[in-house]
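Please examine the sequence and the structure below before reading on.

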Amino acid sequence: MALTVTAAPAVPTVQSPPAHPFLRRWGSNWPLLPLIGTVLLLAVPADGTGAGTVYGVPPGDLLSGVAVLVCLGRLLLLRARPLTRAGALVLGLPAAGLALATVTAADPVAALPGFVRYLQIFVLVPAAVLLLIRDARGFRIIAGSLVVLALVQGATGVHQYATGSGASYRGEDIRAVGTFGAGDVMGMATVVGYGLLVAVAYALRTPAGAPRWLRFGAPVAAALLVVPLTLSFSRGAWIATAAGALAAIAATGARQAVRALAVLGAAGVVLVGGFGVGSEMLSQRLTSITEVTSAPDRSVSDRYTMWAAAAGMWREQPVTGVGLKGFPAHRDGHASIGLSAGGDTAGAGQDFVKQPLLSPHNMYLLVLSEQGLVGFTALVGSWAALLVGGVRRLVLARPRGTAALDCGLAAVGLMTWQTVDFLYADIGGPSTVLTGIVLGLAAWWALAAPERATAA
């Protein structure tokens, strides 16, 4: 008798519901969260007392360290790709110069905190940004967080000017400093400059497939950010932002560059001339840029005196410099008697404080005096490689039409801003961690594989 085999009923396959678009988008971009937090936490007010810090370390710096650890974990556990040879050379060479300046310092132990800080800002954080950004979408997420921070800080700065609650400037508490306080008058100007340049890049080349509101929101955001930048009364930030915007505009081609410059000129006339946004004091501040030898103000005189002191230190130790964190100890031995005791700061919730002059307010001279020619060549050479590489990729990508040109314009504009601003400022304050973020964005555009920079 034949046996009849009855097939078991098929078990219905249970299909999981499709993931939400938001979850799909962030499924591969979750490692960017520490970087986003690093940027956005700079909107938290800083009272200058160390409140809100962990053992004196600001939360933004802590999260930048978390980003570095996440990057390291991905490299070790997931066997994610390491840096390319070019990336390792450009970002790793400064570490060698920093190590040499530390071990050759008169007091290596005192120089060690400077080594850690420089390594964080110029090596580790940029490398983490470069490795954690997977594609153009990731770049836009980080760059967009810079715009959000700039709008928050800019709105705070405009409110300070309107209500007379800002930092002291020419006897009035009207200087826009955002949440950074009178002790860091460059903080808000730096943040607003970054955000403005990213908004300009999005306005010039809106990403394909972007929401409709971005096409109109980007130029509006750029125009709005001009106001707090103006009210910061920061000459160096004005010059750096103008240079960064011009670099991005010039990279779009002659025809669009002419249109963009006409719009920017009209916006400046309306904001300053039509509404009188700080017109009188703005005029005085602009005039003071050229008053270097005839009738410079105290800040300009002090700055040039410290520049001369930095040059003197380098002439004494031309190869390795006086060591990291060595400028304050050697300043008085090289500065003229015309150097004042410090800068006066007050307002924005802070009592009058005499701010000590502990750096030359010129990053190039600071590096030259403390690290000598070896460190200067390594560090400045790294910045130059990022800028030249970014411009080169932008020029090559523009005719193809497939590359994420908005990312390239933002990267070149930000890197131009940084290299120009370093002529008038150096690192210091809570906003310093953003320097590492900006260098990382520039490194991604200049050094990432070509297929990762295509439009997404």
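Tyr118, Phe122, Tyr364, Trp383 and Phe422 are joined into a cluster by ring pairs. Rings of Phe, Tyr and Trp (its six-membered ring) count as a pair if their centres lie within 6.5 Å; planes under 30 degrees apart are called stacked, those over 60 edge-to-face, and the rest tilted. The model is predicted: local features require pLDDT of at least 70 and side-chain atom pairs pLDDT 80 or more, whereas totals for chains, interfaces and linings use all residues. Residues are numbered from 1 along each chain as its sequence is written, and side-chain values use heavy atoms, leaving out hydrogens and water.

| Pair | Distance between ring centres | Angle between planes | Class |
|---|---|---|---|
| Phe139 and Trp444 | 5.4 Å | 40° | tilted |
| Trp383 and Phe422 | 4.9 Å | 40° | tilted |

Phe139 belongs to helix 6 (residues 136-163) and Trp444 to helix 16 (residues 433-447), so their pair ties together parts 305 residues apart in sequence. Helices are DSSP runs (H or I, at least four residues), numbered from the N terminus. Phe139 and Trp444 are both buried, that is, under 20% relative accessible area with a 1.4 Å probe, protein chains only.

Trp383 lies in helix 14 (residues 363-397) and Phe422 in the loop between helix 15 (405-421) and helix 16; this pair links distant parts of the chain, 39 residues apart. Trp383 and Phe422 are also buried.

Definitions and conventions:
Helices (H or I, at least four residues) and strands (E, at least two) are DSSP runs, numbered from the N terminus. Buried means under 20% relative accessible area, exposed over 50%, partly exposed in between (1.4 Å probe, protein chains only).
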